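Please consult the sequence and the structure shown below while reading.

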Amino acid sequence: MSSENRREHIRTALNAKVSVTHPDIGSRIFSTRDISDGGIFIVVEEDFSPQLGDRVQVQVQGLPIPAPVLEMVVVRKTVDGFGLQFSD
């Protein structure tokens, strides 16, 4: 594995709407860019800036029945969004 790409899991493109809830920032709806067995990448086009290590709750939107709410951890930040890892 190269030093530039330390990802353990293969990413799959996925455009889905998700609700992201941060205990201090609040809730917003965002789009995903990709998903893997380890987590998801959220595209952020507005002011929503969790810190690395923050825990958030994520729920897929638009399904026929309510999706489960998952706890995730912010593990990566870029200019266009942030990477979330599924919490154990």
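In this predicted model, Ser31 has a relative accessible area of 19%, and because buried means under 20%, Ser31 counts as buried. Ser31 is located in strand β3. Its side chain forms a polar contact with the side chain of Lys17, at 2.9 Å. Leaving aside residues up to four places away in sequence, Ser31 touches Asn15, Ala16, Lys17, Phe41, Ile42 and Val43.

Thr32 is also part of strand β3, which covers residues 26-35. Thr32 is buried as well, because its relative accessibility is 5%. The side chain of Thr32 reaches a backbone atom, namely the oxygen of Leu14, at 2.6 Å. With residues up to four places away in sequence again left out, the contacts of Thr32 include Leu14, Val18, Ile40 and Val43.

| Residue | Partner | Distance |
|---|---|---|
| Ser31 side chain | Lys17 side chain | 2.9 Å |

Which residue in β5 stands opposite Val18? That residue is Val60. Strand β2 (residues 17-22) and strand β5 (residues 55-60) pair in the antiparallel sense, with four bridges. Strand β5 also pairs with strand β6 (residues 70-78), in the antiparallel sense and over four bridges. In β6, Glu71 is the bridge partner of Gln57.

How values were computed
Residues are numbered from 1 along each chain as its sequence is written. This is a predicted model: local features need pLDDT of at least 70, side-chain atom pairs count only at pLDDT 80 or more; totals for chains, interfaces and linings use all residues. Side-chain values use heavy atoms; hydrogens and water are left out. Two strands pair if DSSP finds at least two bridges between them. Helices (H or I, at least four residues) and strands (E, at least two) are DSSP runs, numbered from the N terminus. Buried means under 20% relative accessible area, exposed over 50%, partly exposed in between (1.4 Å probe, protein chains only). A polar contact is a pair of N or O atoms within 3.5 Å; within protein, one must be able to donate a hydrogen and the other to accept it, and residues adjacent in sequence count only if both atoms are side-chain atoms. Contact means heavy atoms within 4.5 Å.
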